[in-house]
Amino acid sequence: MRKVVSLFALCGTAGCLCGFAVPAGAAPAGAVLAATPPAGDTVGGDRLASHGYIRDKSVPEPPHIEASSYVIADLETGRVLAAKNPHGHYRPASTLKTLTAITLIPRLDPKKKVRPSLNAVNASGSAVGLDEKMSYTVDQLFHGLLMQSGNDAAIALAEAGGGMKTTLAAMNAEAKRIRANDTVARTPNGLDDDPPLTLAQQHSSAYDLALIMKQGLTLPDFIKYVKATTYHWPAPPTKEERKKGKKTGGWEIGTHDHLLVGNRYRGMIGGKNGWTSHALGSFVGAARRNGHTIIISLMHAQSDFWPDARALLDWGFAERDKAEPVGTLVDPIPPPAKPTPKAVAHKQAAGGRTTSSGDLDWWKIGLPAGAAVAIIAGLTLGLRRRRRPAAAGPDPYTPSADGAGDGAWATPESPDANPPRTRRTPPGDVKVAGAPLNPGDRPRPDSWSTVPNPTQNGPADEPGTPSGQDTVADAASNGATAEDRAEDTVRDDAEDTVVDDRSHRGPFDPPDGDKSPRG
């Protein structure tokens, strides 16, 4: 194999080995040759790649006009009937506003209010007359764009579409979507001198203008704008109008399409013309007769191109059903299909049970349900246990034997002996948790002096021991001296004083003689 590859390499280098001869006049090694587009690469058909007249020779010739480029096409069938240099690049001038329109009409609400910037108001060239003190609807701006060819309206619409950069990006993306690959937009109004633009920076073709018109005729609002002949343009009121009480003035604007006014072309739908000193004349339009629509476009023409536009339309209607097409107006690129979820095929395990689509695997439902029930039961049990009081010995309060209502506080049994329980007088009407467990021999307090969570007293209140005194055995058992216990007694007395000071916060009213404030 290596020998074969080496042999072919030698043949290509020498040019004469293996019997191949190098033709006379061939380019020397290392020369760069112009790339020839492969067959089928021209949008609309290979014949449209020609730079001259392109026609079917079985029918009369199409008009020979001064324009450097033109296209005649049938909208319903999409057939290009005749053309001249259809993909040649030329400056579009104001015909580029048709691309601005088909880009922004679907994106902007026609009722949206737009206040133009100073940049829009001061646009050069043809203008509809914007005032920065006024707000205009999108619908009004589109009338000014396509009827009066307002360069100021184009900038205002671009600002409404998200700004100049965003709108131009959207325009070029729309051109690619409809496959107008010859078109590059750098301005929304087609001007090529403000800012100065070269042909390489901004250009289009007669074929692309026909594609843009084809797309525009799918938009009802686009047809409305290019078909209108007159329109009342709003403006600030004059002094005379203000005296009459008018808040808005204005004037009438008219279309620049000469095929719609004056010597109107029969069946004319509308179109858009353009002119600059670099681009010369350009036009794209459409007319409809007997259920058929003819689209024409021309570029780089003399200033008075209207008779030529009529001649192209006449030939299109006359030869529409006779001429063989020389190309087609392609359709836009379809939107990407929504991804559909892929079905995953599950392999049946060996010896596994097959379940029909109508059956259910109940274990798959029962297992999660059982787990959920177990979790709920565990939570419920835990909450009940938290609410249950701790069983830490006998009931601290035992009703009295006579049932008079005075019960006794139970004393925990001593491990050495089991003396009879000593009954204690319970506190008053305690309504809250945290009541004292060792009230001592103090007389039962009145209900009004009972407070929530009172300070607990220590062993000084044990029965048989005078309040505030400790025996030596108790002191020794507690690991404290008599002086320490005396300090504790003072502290306990202070705490009792705090309880007395807060007695006014009890849940019941004090006696008539007590005038302490309530919390």
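**Notes on the predicted model**

1. Among contacts in the protein chain between residues at least 6 apart in sequence, those that join residues at least 24 apart account for 60%. This is a predicted model, and the remarks below should be read with that in mind. The protein chain has 519 residues, of which 38% are buried, and its secondary structure comprises 13 helices and 13 strands.

2. Helix α4, which spans residues 138–146, packs against helix α5, residues 151–160, at an angle of about 140 degrees, and the two axes lie 8 Å apart. The crossing of these two helices, α4 and α5, is left-handed. On the α4 side the contact is made by Val-138, Leu-141, Phe-142, Gly-144 and Leu-145, while α5 contributes Ala-153, Ala-154, Ala-156 and Leu-157. Sorted by class, the residues of this contact between α4 and α5 comprise eight nonpolar and one polar, with no charged residue.

3. Helix α4 is also worth a look for its burial, since nine of its nine residues are buried and the helix is described as mostly covered.

4. A search of the whole structure for cavities of 30 Å³ or more finds two. The largest cavity has a volume of about 40 Å³, and its lining is formed by Ile-178, Leu-211, Lys-214, Gln-215, Val-330, Asp-331 and Pro-332. By class, the lining of this largest cavity consists of four nonpolar residues, one polar residue and two charged residues.

5. The second largest cavity has a volume of about 30 Å³. The residues that line the second largest cavity are Ile-105, Leu-108, Pro-110, Phe-142, Asp-221 and Tyr-225, and they divide into five nonpolar, no polar and one charged.

6. The peptide bond that joins Asp-194 and Pro-195 is cis, with omega at about 5 degrees, and Pro-195 is placed in the loop between α6 (164–177) and α7 (206–216).

7. Leu-280 has a positive phi of about 65 degrees, although this residue is not a glycine. Leu-280 belongs to strand β9, which covers residues 280–289, and with a relative accessible area of 24% Leu-280 is partly exposed. His-300 also has a positive phi without being a glycine, here of about 55 degrees. The position of His-300 is in strand β10, residues 292–301, and His-300 counts as partly exposed because its relative accessible area is 30%.

8. Gly-250 sits in strand β7, which runs over residues 249–254, and is partly exposed, its relative accessible area being 26%. Although Gly-250 and Trp-233 are 17 residues apart along the chain, their C-alpha atoms are separated by 5.3 Å. When neighbours within four places in sequence are left aside, Gly-250 is in contact with His-232, Trp-233, Pro-234, Ala-235 and Glu-241.

9. Lys-227 is part of helix α8, residues 220–227. Its relative accessibility is 47%, so Lys-227 is classed as partly exposed. The C-alpha atoms of Lys-227 and Asp-257 are separated by 9.1 Å, with the two residues 30 apart along the chain. Apart from neighbours within four places in sequence, the contacts of Lys-227 are with Leu-260 and Ile-269.

Notes: Residues are numbered from 1 along each chain as its sequence is written. This is a predicted model: local features need pLDDT of at least 70, side-chain atom pairs count only at pLDDT 80 or more; totals for chains, interfaces and linings use all residues. Side-chain values use heavy atoms; hydrogens and water are left out. On a 1 Å grid over the protein atoms alone, a cavity is a set of points where a 1.4 Å probe fits but cannot get out, and a pocket is an open set with protein on both sides within 12 Å along at least five of seven lines; lining residues have an atom within 4 Å of a point. Grid points are joined across faces, edges and corners, and a volume is the space filled by probe spheres set on the points. Ala, Val, Leu, Ile, Met, Phe, Trp, Tyr, Cys and Pro count as nonpolar, Asp, Glu, Lys and Arg as charged, and the others, Gly among them, as polar. Axes are lines fitted to C-alpha atoms, for helices over the stretch in contact, and angles run from 0 to 180 degrees between N-to-C directions. Helices (H or I, at least four residues) and strands (E, at least two) are DSSP runs, numbered from the N terminus. A crossing is left-handed if the near helix is turned anticlockwise from the far one by less than a right angle, and right-handed if clockwise. Contact means heavy atoms within 4.5 Å. Buried means under 20% relative accessible area, exposed over 50%, partly exposed in between (1.4 Å probe, protein chains only).
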